[in-house]
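Here are my notes on this model, point by point. Keep the structure open beside you as you read.

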Amino acid sequence: MNKYITTPIYYVNGEAHIGHAYTTFIADTMARYERLKGNDTYFLTGTDEHGQKIEESAQKNGKPIQEFADEISATFKNLWDEFEISYDKFIRTTDADHKLGVQKAFEVMYAKGDIYKDFYEGHYCVSCETFFPETQLIDGEFCPDCGRTTSIVKEESYFFKLSKYEDRLLKHYEENPDFILPRSRANEVINFVKGGLRDLSVTRTSFTWGVDMPESLNDDKHVMYVWLDALMNYVTALGYGKDDANMNYWPASTHLIGKDILRFHAIYWPAFLMSLDMPLPEHIGVHGWWTRDGEKMSKSKGNVISPKEVADAYGVENLRYFMLREVPFGQDGDFSQRAFIDRINSELSNDLGNLLNRIIGMSGKYSEFIIDSVNVEKYHSKELNSMNEALGNLDGFMKNMQTHRYLEELWKLFSIGNKAIEEYAPWAKMKEDKKDEALATVALVANILAKASIMLSPVMPKTTATIADALNFKINNDSYNELIIDKKLLKLFTIKKVPPLFPRVEEPLMVEAPIAESNPPKVEKQKELKQDNSKETDNLIEIGQFFETSLKIGTVLESEEVPKSKKLLKLQVDVGDETPRQVVAGIKEFYSAESLVGTQVCVVANLKPAKLMGMISEGMLLAAKDEDGLCLVRPEKPKKAGTPIG
Ligand code: MSP
């Protein structure tokens, strides 16, 4: 089956940020997933290079427009290459073939009577490259989408008869409830269309940086509207207007886009296609926006996160995993290093990495690294059933682009594996002389890891290839068919040792860029926060400030009352240093000295030493006090003395 997956083409007025990387990661994951399933897949990305916005950016940078576009376009392409994005074509709207395709489409629509010439007067937002009716403007002046000032533009224009397609569009949405995914996004589009569509101005005379009019119209005053030009990329990339070389991939399976450009893709684009008598894409997948600290990212705010910087610090595959796991598809997400680190440590390092290390260790000890699936079905049918159930659910999640649910479901496999090791304790079975059973558990886990790696490979292609290599197989359509579709088990093999795949991250690896002073949170945001009394608003600190405090687990070795003090106890606490720390704490009213010996506490370990009643105190204990008294904050489970908290 043919599959065609696209990203939006990115404007070349600035370099890629984390939001662009997100769209590209999802599209790349979907393309890899389709290829894994054996589908003939074409994956398109590229850059959108025309329009007034680009013209102005080039001028600001003092560069000829084409040179400026070349430079920025290359930064996108280089970044995707560095990230090993598996695109089949990188299109640029300044490509000659693309321009020919756009001109051809214009001619076809014109010949059909769907494009006519008239005058346009309206409020134009340069940043959004869109006209807005006065009723939609904020305070009669500002763009309803981006808030920037609009300007009144009166010009001769060619118009596309968008209004003609109103009924057909509504019928299409009704008959194809999965045209817009998530489905919850469809209503805004349907309501917009029901509100009445005005014909769309599809040429401009106020600037020149755009695709020229087709020669047959003999009208060089105009250039094409950038959205007509840009949307056409999805078919010109396949050879439309030239040789139709790859038009067998049309219609697209999924155009992946952010929520801000839904109207263009769900209304204008299908209407253009209807006019061209071409089939419509199967799905428009609409994702939410990434914010940083709850704020929209933008160059002017200076709070843009560079995907390269994050990938350099944490690894691009970890970043892919994080972004796809963290946010339910369609919803907005906030990028925070803390959440990222937590997922690396608990889900990648603990759940997955440790599982692999454990079976490498056990098979080394029990069977000279040889793993044999021969007895897995006999001893572990229960686990195999649960595993197959979870594997069976994955396709549905990916079809709906619910990457977070997909990964959540996949992680059930690691939990089945980790539980099986605890429950069947192969080391105990070895002692009881039940080697068959012990080895069956190890082999069960090897199979779990193999199958999970195949299904994780679209998200983390390189890491999973390493796991597969350790398990002596290759991830491809054959192994997918064998291990996932036919549910077979691994053949006898010798497991290989691998270096740790997910080293734990103890503290943020990137310096948190300060939010520019000139950009305080929006007024509404401040109001919203103030009303919620449970949140700190005046006292916010950067995460880096939090990490300036060294918090450690301590074990109380000795404890005694301070004579003549009602409140103080003097403790000797092991915080992992060579010698114990003396901590003088005001907790005597709540704890007897002896009750503390041997217990664990949380210690602020980098406080300057202080003197209390003439005694040095080299730390502080974390405690919480309310009207019922005070209690110490302690780890939920015993931890080694000196373990950092954070
Ligand atoms: N050039 C148009 C698209 C034309 S497609 C025929 C465009 N370009 S863009 O560079 O501004 O945005 C490209 C994509 O990045 C859009 O899907 C947009 O939603 C997405 N994102 C831009 N900022 C984003 C975030 N902060 N978070 C997530 N995605 C965001 O629009």
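1. Start with helix H9, residues 262–275. Helix H9 lies across E6, strand E7 (151–160) and E9. Its direction makes an angle of about 35 degrees with E7. Bear in mind that this is a predicted model.

2. Now look at the sheet that contains those strands. Which order do the four strands take in this open sheet? The order is E6-E5-E7-E9, and the pairing is antiparallel. In general, strands of a sheet pair through backbone hydrogen bonds, either parallel or antiparallel.

3. Check the edges of this sheet. Strand E6 (130–132) and strand E9 (200–201) stand there. Each has a single partner strand, so one side of each is left without a neighbour in the sheet.

4. Zoom in on one pairing. Strand E5 covers residues 115–125. E5 and E6 are joined by three bridges, in the antiparallel sense. To find the place by residue, look for tyrosine 124, which stands opposite phenylalanine 131 in E6.

5. A further open sheet has three strands. Read them in the order E15-E14-E16. Here the pairing is mixed.

6. Follow E14 into E15. Strand E14 spans residues 290–292. Two bridges join E14 to E15, and the two run antiparallel. Threonine 291 has lysine 296, in E15, as its bridge partner.

7. Turn to the ligand. There are 22 residues around the ligand. Those that come nearest are Ile9, Asp48, Gly258, Asp260 and Trp290. By type, the shell holds twelve nonpolar residues, eight polar and two charged.

8. Which elements each supply at least two residues of this shell? Two strands do: E2 (10–11) and E12 (254–258). The helices are H1 (18–36), H7 (226–231) and H8 (233–236).

9. Look next at individual atoms. An N or O atom in the side chain of aspartate 260 is 2.4 Å from an oxygen atom of the ligand. For glycine 258, a backbone N or O atom lies 2.8 Å from a ligand oxygen atom. Histidine 17 places a polar side-chain atom 3.4 Å from a nitrogen atom of the ligand.

Note on methods
Residues numbered from 1 in each chain as written. Predicted model: local features only at pLDDT ≥ 70, side-chain atom pairs only at ≥ 80, totals over all residues. Heavy atoms only, no water. Near = heavy atom within 4 Å. Polar contact = N/O pair within 3.5 Å; in protein donor to acceptor, adjacent residues only side chain to side chain. Nonpolar A, V, L, I, M, F, W, Y, C, P; charged D, E, K, R; others polar. Pairing = 2+ DSSP bridges. Contact = heavy atoms within 4.5 Å. Axes fitted to C-alpha atoms, helices over the stretch in contact; angles between N-to-C directions.
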